[in-house]
Amino acid sequence: CIAFARGANMILNLYIYNKSGFCIYYEEWNRKKPSSNLEEEQKLMFGMLFSLRAFVTKTSPKPIDPQTGFHYYKTSSYKLHFYETPTSVKFVVLTDPHTPDLREELKKLYSNIFVEYVVKNPLYRADQPVKCELFIQALAKFIRFLPSFSS
């Protein structure tokens, strides 16, 4: 169980997956319970998202647009925010359950930071983890200035 400050909006962690489902970037900020096996957790997260998206698509009475369909779910302990880019890169952010929808912020993270510092980086290969220091610095600054960030 993850503990939260009462009434606080907190960003706990971020996962970024490539189109093959490999976690290319992971960062924690306010997570209270560390993972005992991060690699396994990353695989479980991707599998859960894959299954959840398939379920939503099959049970929806209308066709689901990937750009506007499933974008978050909420439990009593956390809220999962999801954004999939047109190139199938997936951004997943876990927050406390009171945090407002972060879909627009995830779009900005993709277009203003990920594209600029990762996609346009001639040294980056899409099948490798993201280790670009400029990306990491820009991401940290972006996250810390979000109203939902609380340390």
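A: Start with one term. A pocket is an open set of grid points with protein on both sides within 12 Å along at least five of seven lines, and its lining residues have an atom within 4 Å of a point. Keep in mind that this is a predicted model.

Q: Which residues line the second largest pocket?

A: The lining of the second largest pocket is Asn18, Lys19, Ser20, Ile24, Thr87, Val89, Tyr110, Phe114, Val118, Val119, Tyr124 and Ala126. The volume of this pocket is about 200 Å³. H2 gives the most to its lining, 4 residues. By class, the lining has 8 nonpolar, 3 polar and 1 charged residues.

Q: How much space lies in the largest pocket, and which residues lie nearest its centre?

A: The largest pocket holds about 340 Å³ of space. Its lining counts 19 residues, and Tyr15, Arg31, Glu41, Met45 and Leu94 lie nearest the centre. Strand E1 (11-17) and helix H1 (38-59) each supply at least two lining residues. H1 has the largest share, 5 residues. The lining of the largest pocket splits into 10 nonpolar, 5 polar and 4 charged residues.

Q: How many cavities of 30 Å³ or more does the structure hold?

A: The structure holds 1. About 40 Å³ of space lies in the largest cavity.

Q: Which residues line the largest cavity, and which element supplies the largest share?

A: Around the largest cavity sit Ile11, Val93, Leu102, Glu105, Leu106, Leu109, Phe142, Ile143 and Leu146. H2 supplies the largest share of this lining, 3 residues. Both H2 and H3 supply at least two. The cavity lining has 8 nonpolar residues, no polar ones and 1 charged.

Q: How do I describe two packed helices?

A: Two packed helices are described by the angle between their axes and the distance between the axes. Take helix H2 (residues 103-119) and helix H3 (residues 133-144): their axes come within 9 Å and cross at roughly 160 degrees. Angles over 145 degrees count as roughly antiparallel. H2 and H3 are therefore roughly antiparallel to each other.

Q: Is the crossing of H2 and H3 left-handed or right-handed, and which residues meet there?

A: The crossing is right-handed. From H2, the residues in contact are Glu105, Lys108, Leu109, Ile113, Phe114, Tyr117 and Val118; from H3, they are Leu134, Phe135, Ala138, Leu139 and Phe142. By class, this contact of H2 with H3 has 10 nonpolar, no polar and 2 charged residues.

Q: Where do these features share residues?

A: Glu105, Leu109 and Phe142 are in the H2–H3 contact and also line the largest cavity. Phe114 and Val118 are in that contact and also line the second largest pocket.

Note on methods
Residues numbered from 1 in each chain as written. Predicted model: local features only at pLDDT ≥ 70, side-chain atom pairs only at ≥ 80, totals over all residues. Heavy atoms only, no water. Axes fitted to C-alpha atoms, helices over the stretch in contact; angles between N-to-C directions. Parallel < 35°, antiparallel > 145°, perpendicular 65-115°, else oblique. Left-handed = near helix turned anticlockwise from the far one by under 90°. Contact = heavy atoms within 4.5 Å. Nonpolar A, V, L, I, M, F, W, Y, C, P; charged D, E, K, R; others polar. 1 Å grid on protein atoms, 1.4 Å probe; cavity = no way out; pocket = protein on both sides within 12 Å on 5 of 7 lines; lining within 4 Å. Points joined across faces, edges and corners; volume = space filled by probe spheres on them.
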